[in-house]
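Take a moment to look over the sequence and the model. The paragraphs below lead you through it, one region at a time.

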Amino acid sequence: MLAEQLQEVEKRIQDACRHAGRNRSEVTLIAVSKTKPISMLQEAYREGIRVFGENKVQELTDKWEVMPKDIQWHMIGHLQRNKVKYIVDKAEMIHSVDSLRLAETIEKEAEKKHCIVKILIEVNMAEEESKFGLSARETLPLIERISRFPHLQICGLMTIAPFVENAKENRIHFAGLRKLSVDIAAKNIDNVNMDILSMGMTNDYEVAIEEGATMVRVGTGIFGERQYF
Ligand SMILES: *Cc1c(COP(=O)(O)O)cnc(C)c1O
């Protein structure tokens, strides 16, 4: 069943790319495996998935321990500063940097572990109260400061769009994130790269791809509904 769902997601990604005149290779599918058991991750792995997304530090490190080492783990959830030390050398990328204090903590832990950490800046495009992330206005000033951190590499922007009935309603937020990234790229800040736009989830990844997403984070569409206890 997972194999079929994965095929369906892959087909829809390809269709969205074709529709947008983009190459499939421009879009990375992150399989969001949060709350799902190892057996399901193994099944996805057997189907060829090598990029997984998790939103909790403990869960990411637990799964990192037991899964094959050629997997890239993306930390996509809100990150508490006291947990940074557990993942700096395990996560391929941290998608959820939204404050100077968090960036400072990642910098310090990365220095200790002698690694460079790739990060995205999380922007709350819809300015939803309930969500983490910076406003669009706050994004450039924070990036300018973080760009001076030698152990952090800013690779782009991430957003979590609102839950909407009609995915097209989120087009404005995806287009807005893309415009913001183009504006920031034009500043040519040292050590800042705007190649990655992490946007689009199960309900809206096709629209996100049409608007320039280079990473889509799909959980339910691959693994089925999550159950929270
Ligand atoms: C859970 C989660 C996803 C995946 O959501 P689905 O709707 O299941 O595809 C994507 N991004 C983030 C940040 C998440 O927390």
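Is threonine 105 buried or exposed? Threonine 105 is buried, because its relative accessible area is 11%; buried means under 20%, exposed over 50%, and partly exposed in between, with a 1.4 Å probe and protein chains only. The residue sits in helix H5 (residues 100-112). Helices (H or I, at least four residues) and strands (E, at least two) are DSSP runs, numbered from the N terminus. Threonine 105 is in contact with Arg81 and Val84, leaving aside its neighbours within four places in sequence. Contact means heavy atoms within 4.5 Å.

A word on the source. This is a predicted model, where local features need pLDDT of at least 70 and side-chain atom pairs count only at pLDDT 80 or more, while totals for chains, interfaces and linings use all residues. Residues are numbered from 1 along each chain as its sequence is written, and side-chain values use heavy atoms, with hydrogens and water left out.

The largest nonpolar core has 67 residues. Such a core is a set of buried Ala, Val, Leu, Ile, Met, Phe, Trp, Tyr and Cys residues joined through side-chain atoms within 4.5 Å. Ile94, Ile106, Ile121 and Ile146 have the most contacts inside it. Helix H1 (residues 2-20) gives the largest share of this core, 6 residues. A second, separate core has 10 residues, including Val51, Ile76, Met158 and Met215. Back in the largest core, Ile146 touches Val97, Leu100, Ala103, Ile119, Ile121, Leu152 and Ile154, not counting residues up to four places away in sequence.

Now turn to helix H2 (residues 38-46). Its residues Leu41, Ala44 and Tyr45 are buried. Seen down the axis of H2, the buried residues fall within an arc of 105°, so they line one face of the helix. That arc is taken from the directions from the helix axis to the C-beta atoms. The cover over these buried residues includes H1, strand S2 (51-54), helix H3 (57-66), strand S3 (72-75) and helix H9 (220-223). Glycine 48 follows H2, and its phi is positive, near 105°.

A polar side-chain atom of arginine 217 lies 2.8 Å from a nitrogen atom of the ligand. A polar backbone atom of glycine 219 is 2.8 Å from a ligand oxygen atom. For threonine 220, a polar side-chain atom lies 2.5 Å from an oxygen atom of the ligand.

Conventions. A polar contact is a pair of N or O atoms within 3.5 Å; within protein, one must be able to donate a hydrogen and the other to accept it, and residues adjacent in sequence count only if both atoms are side-chain atoms.
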